[in-house]
Amino acid sequence: MNGYIEDAGRFDRQLKKRRFSEAVVKLFQPKSPTSNLFKKCIKAIVRLLVKAMTTYERAVKRYWDVIGEYDEVAEKVSLMTHVVSFILQYNIYKTDFEDIIYVDFENISIPVPASYDRVLKDIYGDYMDFPPVDERGEWHNGIIDFDPDLPYKEYFKNKVKQR
């Protein structure tokens, strides 16, 4: 978890730097196939220029420096590697990690912030009551398929056919 700055201007600048850093790191990854010859040429030229100016290790370090830019000064933390909507919803005060209690969960005891009730209310609102059925959302936008009776090879065959 990294520092989440609530100042909108600084947050936007950090996100822009993060996107640029991500793009530079991706240039070191294996090439993605494209049928457009022009795009292939442009990507190849950009890849050569970037590799001439920096190393993969420096590009990754720069990415993590951008992600952690506000670690020391921010009052809150979030998973700054995630999409913006996630960062805005799931952030927590650093001080919540100062007082930890252990709570039994199934057959183990797990550490949680002592202020877990306030943290959960900040993130989820009234988390103890289910919303009405007609107001419940779809989790993961339908991208998680689970069928315990379908062998994975058959699942992947079906996915390829759908494309």
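1. Arg 118 is partly exposed, at 33% relative accessibility; the class lies between buried (under 20% relative accessible area) and exposed (over 50%), with a 1.4 Å probe and protein chains only. The model is predicted, so local features need pLDDT of at least 70 and side-chain atom pairs count only at pLDDT 80 or more, while totals for chains, interfaces and linings use all residues. Residues are numbered from 1 along each chain as its sequence is written, and side-chain values use heavy atoms, with hydrogens and water left out.

2. Arg 118 meets Asp 96 in a salt bridge at 2.2 Å, N to O (a side-chain nitrogen of Lys or Arg within 4 Å of a carboxyl oxygen of Asp or Glu). This pair links distant parts of the chain, 22 residues apart: Asp 96 sits in the loop between β3 (91-93) and β4 (100-105), and Arg 118 in helix α5 (residues 116-124). Helices (H or I, at least four residues) and strands (E, at least two) are DSSP runs, numbered from the N terminus. Asp 96 is buried, with a relative accessible area of 4%.

3. Asp 96 and Arg 118 also belong to a network of salt bridges with Asp 122. The structure holds seven salt bridges.

4. Also in helix α5, Asp 117 and Lys 121 are four residues apart, about one helical turn. Their salt bridge has its closest N and O atoms 3.1 Å apart. Asp 117 is partly exposed at 31%, as is Lys 121 at 43%.

5. In helix α1, Glu 22 and Arg 18 are likewise four residues apart, and their side chains form a salt bridge (3.5 Å, N to O). Arg 18 is buried at 8% relative accessibility, whereas Glu 22 is partly exposed at 22%.
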